[in-house]
Amino acid sequence: MKYALSALAGAAALAISLIVGPAMAQDGGIVVYNAQHESLTDAWVEGFTKETGIKVTVRHGGDSDFSNQIVAEGAASPADVFLTENSPAMVLVESAGLFAPVDAETLAQVPQEYQPSSGKWVGIAARSTVFVYNKTKLTAEQLPKSLLDLADPSWKGRWAASPSGADFQAIVSAVLQLKGEAATAGWLKAMKENFTAYKGNSTVMKAVNAGEVEGGVIYHYYYYGDQAKTGENSKNIGLHYFKNQDPGAFVSVSGGGVLASSKHPKEAQAFLKWVTGKGGQDVLKTGNSFEYAVGKGADSNPALVPLAELQAPKVDATTLNSKKVTDLMTAAGLL
């Protein structure tokens with residue numbers, strides 16, 4: 001679901017050139033392959049262009065689609081910058097050797113836990129895994145203590161997820177890193193028996209709200225975004241944060257990186273620096289994306305549970321294995 005940002009959204013189209021390909025070299029702009037929410041990136045682009053005068057062309061798409069496209073394009077990619085929702089896509093491009101090192105000044109703006117040790121990309125935002133539940137069907141005492149509890153036969157037919165999306169696959173990648181391949185394969189097999197599949201996190205939330213299922217695994221901002229609008233798709237919903245370093249407390253880092261093949265590396269690095277700096281992170285605080293700000297000293301939207309209180313597990317973003325995850329999910333019959 002793409003939520004419009006109240007701040008900086010009005011004239012976004014004016015800041016985004018729709019010219020692509022070779023023409024970009026003529027006007028000195030940069031091309032961004034964007035797998036983040038369109039409204040969020042459009043607001044970043046508007047703020048950056050307003051401040052620097054550098055034009056930006058945005059191509060919107062999905063995490064896995066763009067990461068695989070960049071790998072296929074290699075050094076011929078027209079992209080200067082790649083932005084994602086979830087970090088496994090960044091790891092795929094990094095593993096192919098296609099990122100340039102991020103400028104040190106940019107890396108210094110983001111805490112170590114929100115960037116890979118390689119310095120080849122950097123965190124730009126974050127989102128927390130949550131269990132949404134229908135408050136008319138479940139009490140706090142009946143909620144699962146761990147994400148892994150949803151594999152228990154007692155949860156058969158009672159919970160939902162969207163396994164085909166990059167969001168859920170990122171969560172599974174955290175389970176894989178934290179619990180190992182055998183445990184993850186077992187959990188996915190049990191999930192196949194227990195859960196109901198929906199397409200999209202917002203659809204999962206709507207199903208829980210309507211009482212079609214008792215609960216579901218999604219990211220937090222779908223709830224907050226709906227609440228900021230009419231609340232009609234979340235009025236019956238409560239949020240359960242697993243905490244305690246549980247795999248279900250996984251915080252997924254959205255990443256940004258500059259392509260080594262960029263024809264405008266200076267401008268591309270400047271864009272990434274702006275997004276991770278005060279201007280870009282303030283968009284997360286004041287807008288309606290409801291994703292977490294990750295810059296040092298940056299405040300997130302005040303409606304959110306603070307990142308420091310989520311008790312997220314420590315996950316090495318550079319080892320999140322999207323291919324292994326999709327292989328395991330396919331073997332379990334989830335994809």
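This is a predicted model: local features need pLDDT of at least 70, side-chain atom pairs count only at pLDDT 80 or more; totals for chains, interfaces and linings use all residues.

Student: What is the mean pLDDT of the protein?

Tutor: The pLDDT is the predictor's confidence in each residue, from 0 to 100. Its mean for the protein is 91, and 92% of the residues reach 70 or more. Over residues 1-26, however, the pLDDT is below 50; this stretch has 63 contacts in the model beyond near neighbours in sequence, a contact being heavy atoms within 4.5 Å.

Student: How is the packing of two helices read?

Tutor: Two packed helices are described by the angle between their axes and the distance between the axes. Helices (H or I, at least four residues) and strands (E, at least two) are DSSP runs, numbered from the N terminus. Axes are lines fitted to C-alpha atoms, for helices over the stretch in contact, and angles run from 0 to 180 degrees between N-to-C directions. Helix H4 (residues 63-73) packs against helix H5 (residues 87-95) at an angle of about 5 degrees, the axes being 9 Å apart. H4 and H5 are therefore roughly parallel to each other (angles under 35 degrees count as roughly parallel, over 145 as roughly antiparallel, 65 to 115 as roughly perpendicular and the rest as oblique). Asp63, Ser67, Asn68, Ile70 and Val71 of H4 make the contact with Ala89, Leu92 and Val93 of H5.

Student: At what angle do H3 and H11 pack?

Tutor: Helix H3 (residues 38-52) and helix H11 (residues 265-276) pack at about 115 degrees, with their axes 10 Å apart. On the H3 side the contact involves Trp44, Val45, Gly47, Phe48 and Glu51, which meet Glu267, Ala270, Phe271, Trp274 and Val275 in H11. These residues divide into seven nonpolar, one polar and two charged (Ala, Val, Leu, Ile, Met, Phe, Trp, Tyr, Cys and Pro count as nonpolar, Asp, Glu, Lys and Arg as charged, and the others, Gly among them, as polar).

Student: How many residues of H9 are buried?

Tutor: Buried means under 20% relative accessible area, exposed over 50%, and partly exposed in between (1.4 Å probe, protein chains only). Helix H9 (residues 201-210) is mostly covered, with seven of its ten residues buried: Asn201, Ser202, Val204, Met205, Ala207, Val208 and Asn209. Their cover includes strand S5 (122-134), helix H7 (166-179) and helix H10 (221-228). Lysine 206, also in H9, is partly exposed, at 39% relative accessible area.

Student: Is serine 162 buried or exposed?

Tutor: Serine 162 is buried, with a relative accessible area of 4%. This residue is found in the loop between S6 and H7, and its contacts include Asn201 and Val204.

Student: Where is phi positive?

Tutor: Most residues other than glycine have a negative phi. Glycine 211, which follows H9, has a positive phi near 85 degrees. Lysine 243 is a residue other than glycine with a positive phi, near 55 degrees; lysine 243 lies in the loop between S9 and strand S10 (251-258) and is partly exposed, at 27%. Asparagine 244 also has a positive phi near 55 degrees and is exposed, with a relative accessible area of 57%.

Technical notes:
Residues are numbered from 1 along each chain as its sequence is written. Side-chain values use heavy atoms; hydrogens and water are left out. Lists of a residue's contacts leave out its neighbours within four places in sequence.
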